[in-house]
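Welcome! Please take a moment with the sequence and the model below, and then we will walk through a few places together.

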Amino acid sequence: MNKTVSCNISGIIFNLEENAYATLNTYLTNLRTHLRNVEGSDEIYADIESRIAELFSGKLGVSKEVITEADVDEVIRILGNPEEYIDEDAEDSEGQNKEKETKRSESAKVFMRDPDNGVIAGVCTGISAYFGVDLTLVRGLFVLLFLFTGFGLGLYIVLWIIAPRANSSAD
Amino acid sequence: MNVENTKAQMRKGILELCILAILKNNESYPSEIIEELKKNKLIIVEGTLYPLLTRLKNADLLSYRWEESTSGPPRKYYALTSKGDQFLEELKMTWEELSGAVNHSLKSTKS
């Protein structure tokens, strides 16, 4: 004798044995997790639930009123596990990936000081990273500005103040 | 490099073409599409179909209508839109080209 749980799947009431319910519940939770980043996830989820209801309905008859764990296992075998059929990254997130890329290249264009790799405040390192110019060249240019013009030091200090500090070289 | 993975990728690309081709001839609900695909060993697990159908529908290639069923929940009957029809024709052409090219290169490496 087994206890049963009655549940509503896609608008139809089914009686499931307790362990059958537990298995199905785990499956659906897992499915939800995999669908998290997929476009149209609610619809896909509803479609799959509806298919489960359809398969269950086919199993029940006059002499069989309860869904057993074996039934649930079979339905899961037919449907497959979410990790087999849901491509979290590839399919629908094409657009999202592109978005991420443009964001990354935008952020690369923000000028930041890099004090970890710099001599004084990382202004030269920041400039070299921003323009993709050789660091020695930038430093040399600044030294020349220090020595031969009046504004080299001033320029350095102004950049020191206005440029935000990078948290990592990746910034 | 996993051969099963490569096989699955190959199948997946062709699956969209097959779904559209099945729906061109007649409006169907998912279980019918699945049956057709399984018959031809194009699908291994049913779950694959649902994200695909939703994607094709969101791209306006498919439309659906609800129909009550006597033996279960209401069914979604999918049909090709005119955009889907065009899409199918293009995929078909690409498939013809590809299968010809692939067969050709497989033959020429054999000899």
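A residue counts as buried when its relative accessible area is under 20%. Keep in mind that this is a predicted model.

Let us begin with Arg75(B). This residue sits in strand S2 (residues 75-80) of chain B. Is Arg75(B) buried or exposed? Its relative accessible area is 19%, so Arg75(B) is buried.

| Side chain | Partner side chain | Polar contact |
|---|---|---|
| Arg75(B) | Glu54(A) | 3.5 Å |
| Arg75(B) | Tyr29(B) | 3.1 Å |

Next comes helix H1 of chain A, residues 18-35. Buried residues of H1(A) include Ala20(A), Leu24(A), Tyr27(A), Leu31(A) and His34(A). Seen down the helix axis, the buried residues of H1(A) fall within an arc of 130°, so they line one face. Among the elements covering them are strand S1 (4-9), helix H2 (41-59) and helix H3 (69-79) of chain A.

Finally, the nonpolar cores. The largest one has 48 residues, and Ile52(A), Phe56(A), Ile19(B) and Leu37(B) have the most contacts inside it. Another core, of 8 residues, lies apart from it and includes Val123(A), Ile127(A), Phe142(A) and Tyr156(A). Leaving out residues up to four places away in sequence, Leu37(B) touches several residues, among them Leu15(B), Cys18(B), Ile22(B) and Leu49(B).

Definitions and conventions
Residues numbered from 1 in each chain as written. Chains lettered and ligands numbered in written order. Predicted model: local features only at pLDDT ≥ 70, side-chain atom pairs only at ≥ 80, totals over all residues. Heavy atoms only, no water. Core = buried A, V, L, I, M, F, W, Y, C linked by side-chain atoms within 4.5 Å. Buried < 20%, exposed > 50% of the residue type's maximum accessible area, 1.4 Å probe, protein only. Contact = heavy atoms within 4.5 Å. Helix = DSSP H or I, 4+ residues; strand = E, 2+ residues; numbered from the N terminus. Polar contact = N/O pair within 3.5 Å; in protein donor to acceptor, adjacent residues only side chain to side chain. Expected span 1.5 Å × (residues − 1). Arc of directions from axis to C-beta.
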